[in-house]
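Please open the model in your viewer and keep the selection tool at hand.

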Amino acid sequence: MPRPKGSKNKKTVNAEVAPVAVENIAEKIAAVEAEIAAIGEQLKAKKDELKALVKEKAKADKAAAKQKAKEEAEAAAKKAEEDKNKVLEAFQASGKSVEELVAFLKGE
């Protein structure tokens, strides 16, 4: 036979157990709040550490990019000097005068 509508299995609360449970729950709440506060401080410390590391990485990247640009500029200057020396050697090997070379470059 089915239960009548609205009928439920209701639990009865013992009056003696409830105050102890409330005190116990209050202690647990305080402990959890303290733990949350401690974790919050740890989180803040970790965020500060992360921020410092990001700044260090940015400085290191900037220094590396500057060093790379300097090396590339030195390599380009060295290549330009080598090309200049090759042109001068070719000019000397050709046996032409400066006027002849200028006329050749102008297309005359």
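Begin by selecting the aromatic rings: the structure holds 0 aromatic pairs. Such a pair would require rings of Phe, Tyr or Trp (its six-membered ring) with centres within 6.5 Å, planes under 30 degrees apart counting as stacked, over 60 as edge-to-face and the rest as tilted. This is a predicted model, in which local features need pLDDT of at least 70 and side-chain atom pairs count only at pLDDT 80 or more, while totals for chains, interfaces and linings use all residues. Residues are numbered from 1 along each chain as its sequence is written, and side-chain values use heavy atoms, with hydrogens and water left out.

Next, display the whole protein as a cartoon. It contains 2 helices and 0 strands; these are DSSP runs numbered from the N terminus (helices H or I, at least four residues; strands E, at least two). Of the 108 residues, 0% are buried, where buried means under 20% relative accessible area, exposed over 50%, and partly exposed in between (1.4 Å probe, protein chains only).

Now turn to the charged side chains. How many salt bridges does the structure hold? There are 3, each defined as a side-chain nitrogen of Lys or Arg within 4 Å of a carboxyl oxygen of Asp or Glu.

- Select Lys 46 and Glu 49, whose side chains meet in a salt bridge (3.8 Å, N to O). They are separated by about one helical turn because they stand 3 residues apart in helix H1 (residues 17-94). Lys 46 is exposed at 55% relative accessibility, whereas Glu 49 is partly exposed at 42%.
- Select Lys 57 and Asp 61, which form a salt bridge with the closest N and O atoms 3.1 Å apart. They are 4 residues apart in helix H1, so about one helical turn separates them. Lys 57 is exposed, at 53% relative accessible area; Asp 61, at 42%, is partly exposed.
- Select Lys 79 and Asp 83, joined by a salt bridge of 3.6 Å, N to O. Both belong to helix H1 and lie 4 residues apart, about one turn. Asp 83 is partly exposed, with a relative accessible area of 34%.

Finally, move to Phe 104, in helix H2 (residues 98-106). Phe 104 counts as exposed because its relative accessibility is 58%. The charged end of Lys 96 sits over its ring, 5.4 Å from the centre; this term requires NZ of Lys or CZ of Arg within 6 Å of the ring centre and within 35 degrees of the ring normal.
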